[in-house]
Amino acid sequence: MNMVPGLFNYWVAVLLMMAGLYVVIAQPNLVKKMVGLALFQASVFIFYISIGKVSGAHAPIFIAGETLYSNPLPHVLILTAIVVGVATTAVGLALVVRIQEAYGSVEEDDIDAKDREQSDEDDGGGP
Amino acid sequence: MLLAVILAILLTMILILIRALLGPTAYDRMLATNLFGTKIVLLMVVAGHALGWSSFIDVALLYAMINFVSTIAIMRFFEHQGASSQAAIRERVK
Amino acid sequence: MDIVLLGFLLLTAIAAIRLRDLFAVVMLFGIYSFLAAGLFMVLDAVDVAFTEAAVGAGITTVLMLATLRLTGRFERSPRPVRLLPLVVVAMTGAALIYGTLDAPLLGDVQAPAQQHVAPRYIERTMAEVGTPNMVTAVLASYRGYDTLGETVVIFTAGLAVLLLLGITEVPPLRLGRRVINDQVVLHVIVKALIPFILLFGAYVQFHGDYGAGGGFQAGVVVATGLVLYDLVFGDGHAQLVVPPTWLPRIAAFGVLVYGAVGLLSLLQGKALLDYSALAQTPLSGQHLGIMLVELGVGITVFAVVLAIFYAFSGRRRQA
Amino acid sequence: MSDWITLASGLCFSLGGFLCITGGVGLLRFPDFFSRVHAAGVTETLATPLLLSGVMLQLGWSQDSLKLLLVMAFVLATNPTAAHAMAKAALDGGLRPQIEQDDTTDQEGRSSKP
């Protein structure tokens with residue numbers, strides 16, 4: 001039964017991913033949604049890095065005489081993805097700040113209610 | 001020996017994590033976050049030495065730095081946040 | 001050890017979901033990032049751990065806290081747990097876990113992911129590029145296009161934040177007024193530390209060929225140094241050191257350096273971003289090219305991160 | 001010679017590990033924020049140099065040892081500062097040490113009883 005430790009990393013990554021997904025779907029607060037998105041991102045990073053791991057290998061920095069290294073490719077992809085991730089998170093947070101300024105709230109329900117009000121007024125003000 | 005130290009640090013991390021989860025006030029959580037960062041630094045150094053990771057000390061140095069910065073950031077923005085409630089608490093204390 | 005760390009991660013994530021004090025949620029996210037970074041160390045990904053610590057635990061936490069300052073600390077009373085999202089999440093999770101059952105086990109040398117291009121990178125890096133850190137070699141040389149694209153994405157994201165929020169120029173505080181109350185000890189220590197942080201940034205930038213580090217991390221580290229200065233000494237102090245109007249230009253300059261190196265090799269009659277053409281021998285050309293390209297990346301990341309921080313910290317809450 | 005180094009590093013490790021756990025227990029068990037800062041900050045500041053110098057002793061004279069010295073200096077500078085700043089921030093933020101309150105309630109209790 002060496003399957004359990006062998007797949008444990010993937011399972012935890014999936015669970016974390018689902019935790020993030022649940023926050024994004026079900027929580028009404030927009031800031032918390034961004035935190036959920038960040039959790040989701042980090043779990044994907046963990047998944048990728050787990051794929052690149054080779055047991056008994058060295059980190060991919062050349063040491064004379066060694067031939068067994070972990071896979072450097074996922075590391076490169078995730079390294080850039082982390083930095084891009086923070087940049088996109090910043091854009092998301094900036095949007096949240098603007099929503100707060102426009103609607104006076106970051107709760108989804110409030111924003112929906114305001115939107116509905118607005119569209120009702122528009123309909124009433126029609127021909 | 002090194003294994004025992006690693007276990008000790010992991011045990012401490014569990015204790016700190018419990019405090020971070022319980023933490024009645026935000027300051028307790030702040031403290032726990034800071035300590036947790038330091039424990040990660042220690043873990044990196046000891047485990048890196050024991051398991052022969054490459055360039056783990058650079059990483060540990062960075063962690064120590066980032067830990068300090070994020071603690072300062074938490075304190076700074078918390079004070080901004082609590083400006084109005086602080087006054088209320090002060091009134092009550094008096 | 002990784003199993004323990006993974007357990008911590010799960011615990012932190014679940015606690016972060018359940019808490020309503022968003023401030024505590026962000027602090028737990030900081031812990032989560034540190035844990036993830038530790039896990040990356042265990043999984044041999046030194047560079048990734050470096051980046052995750054600097055970016056996830058440092059910059060992301062700071063940005064989230066700055067957002068909270070603008071939007072309010074507490075979440076409203078939670079909705080009752082609704083069934084539909086839970087079912088959707090459970091089903092997706094079950095499907096994904098079912099998918100992993102056929103996946104190769106952790107650390108398997110025979111796994112398909114280890115068979116494709118990775119062996120070539122590992123075997124040829126020293127001969128073709130000559131940098132001991134394979135991650136840097138793959139990042140800057142083999143996959144130079146990708147990284148150029150990523151750099152442009154970061155630049156664009158920085159511009160998007162500036163368009164959304166703009167940088168309000170904060171007049172520097174009067175001398176003697178403290179922001180974190182009267183923290184004299186903090187002021188003295190931070191003043192002494194900042195030069196070392198900037199020096200460490202330079203080390204990370206130029207040591208990236210040989211150990212963990214590189215342009216992405218160095219940019220973040222240097223920006224973090226200035227962020228620390230701004231946090232401790234008050235809004236606007238860092239803006240005296242690096243004026244906000246410079247930042248978009250600095251960021252664009254970084255991207256231009258990257259692109260110019262690519263074009264230079266094109267003009268020498270080689271493919272775009274093939275650095276072998278840059279110097280007498282291919283190896284020294286590669287060295288020069290990687291150094292310049294990483295410098296471009298570092299400059300862009302530094303400017304974008306600092307610009308984003310200015311944009312968030314300069315904004316005042318509108319009642 | 002190497003025996004001495006093993007012994008010294010072992011001593012550092014065991015003392016450091018012990019202090020680590022003590023700090024954790026103190027953080028968890030102490031009643032209010034200020035005593036927790038005290039417990040954690042003090043043990044932390046001694047445990048970190050002990051553990052790091054244990055590793056340094058094992059590494060011997062090398063570049064890595066020098067870098068570890070830097071880490072140690074950094075942690076020694078930032079850790080007490082952070083603890084001090086947090087305690088001060090908490091005090092300014094309206095948190096009060098529990099001792100005071102206990103004393104006052106105690107005195108009130110005594111004064112009301114007789």
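How large is the accessible surface of chain D, and what share of it belongs to carbon and sulfur atoms?

Reply: This is a predicted model, where local features need pLDDT of at least 70, side-chain atom pairs count only at pLDDT 80 or more, and totals for chains, interfaces and linings use all residues. Residues are numbered from 1 along each chain as its sequence is written, chains are lettered from A and ligands numbered from 1 in written order, and side-chain values use heavy atoms, without hydrogens or water.

The accessible surface of chain D is about 6,100 Å². Carbon and sulfur atoms hold 67% of that area. Such areas come from the Shrake-Rupley method with a 1.4 Å probe; for residues, only the protein chains shown count as cover.

Now the fold. Chain D has four helices and zero strands. Its elements run α-α-α-α from the N terminus. Helices (H or I, at least four residues) and strands (E, at least two) are DSSP runs, numbered from the N terminus.

Next, the inside. Of the 114 residues in chain D, 46% are buried. Buried means under 20% relative accessible area, exposed over 50%, partly exposed in between (1.4 Å probe, protein chains only). Take contacts (heavy atoms within 4.5 Å). Among those in chain D with a separation of 6 or more, 68% join residues 24 or more positions apart.

Last, the rings. D:F33 and D:F34 form a cluster with B:Y27 through ring pairs. Rings of Phe, Tyr and Trp (its six-membered ring) pair if their centres lie within 6.5 Å; planes under 30 degrees apart are stacked, over 60 edge-to-face, the rest tilted.
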